[in-house]
Amino acid sequence: MLWGMSRSSNGKTSRRLRLFKRREDDLLERSFRSCPGCDADVHVFADVCRHCGGTLEIALAG
């Protein structure tokens, strides 16, 4: 009987050669910035701080 199995499903642990060290994803850290009024973390695209109500400027990448 022939079983349809992929190479990765054979139960063996793979021993790949790692050329690059895997870094932790910093997307979450890059998604927030500090409010200049109350120093709370706000989303980078927010135009109003929900903690103090202060207006925020959306910083453009330059």
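Mentor: Residues are numbered from 1 along each chain as its sequence is written, and side-chain values use heavy atoms, with hydrogens and water left out. Because the model is predicted, local features need pLDDT of at least 70 and side-chain atom pairs count only at pLDDT 80 or more, while totals for chains, interfaces and linings use all residues.

Trainee: In what order do the elements of the protein chain run from the N terminus on?

Mentor: Helices (H or I, at least four residues) and strands (E, at least two) are DSSP runs, numbered from the N terminus. The protein chain has one helix and two strands. From the N terminus on, the order is α-β-β.

Trainee: What percentage of the residues of the protein chain count as buried?

Mentor: Buried means under 20% relative accessible area, exposed means over 50%, and partly exposed lies in between, with a 1.4 Å probe and protein chains only. The protein chain has 62 residues, and the share that counts as buried is 11%.

Trainee: Is Ser31 buried or exposed?

Mentor: Ser31 sits in the loop between α1 and β1. Leaving aside neighbours within four places in sequence, Ser31 is in contact (heavy atoms within 4.5 Å) with Val42, His43 and Val44. Because its relative accessible area is 18%, Ser31 is buried.

Trainee: Which residues make up the largest nonpolar core?

Mentor: A nonpolar core is a set of buried Ala, Val, Leu, Ile, Met, Phe, Trp, Tyr and Cys residues joined through side-chain atoms within 4.5 Å. Leu56 belongs to the largest one, and beyond its neighbours within four places in sequence its contacts include Arg33, Pro36 and Asp47. The five residues of this core are Cys35, Val42, Ala46, Cys49 and Leu56.

Trainee: How many disulfides does a search of the whole structure find?

Mentor: A disulfide is a pair of cysteine sulfur atoms within 2.5 Å. The sulfur of Cys38 has its closest cysteine sulfur in Cys49, at 3.7 Å, so the two are too far apart for a bond. The sulfur of Cys52 is 3.8 Å from its closest cysteine sulfur, in Cys35, which is also too far for a bond. The number of disulfides found in the whole structure is zero.

Trainee: What value is phi of Asp39 near?

Mentor: Asp39 is found in the loop between β1 (32-34) and β2 (41-43), and counts as exposed because its relative accessibility is 59%. Most residues other than glycine have a negative phi. Asp39 is not glycine, yet its phi is positive, near 65°.

Trainee: What distance separates the C-alpha atoms of Thr55 and Cys35?

Mentor: Thr55 lies in the segment after β2 and counts as exposed because its relative accessibility is 68%. Thr55 and Cys35 are 20 residues apart along the chain, and their C-alpha atoms are separated by 9.0 Å.
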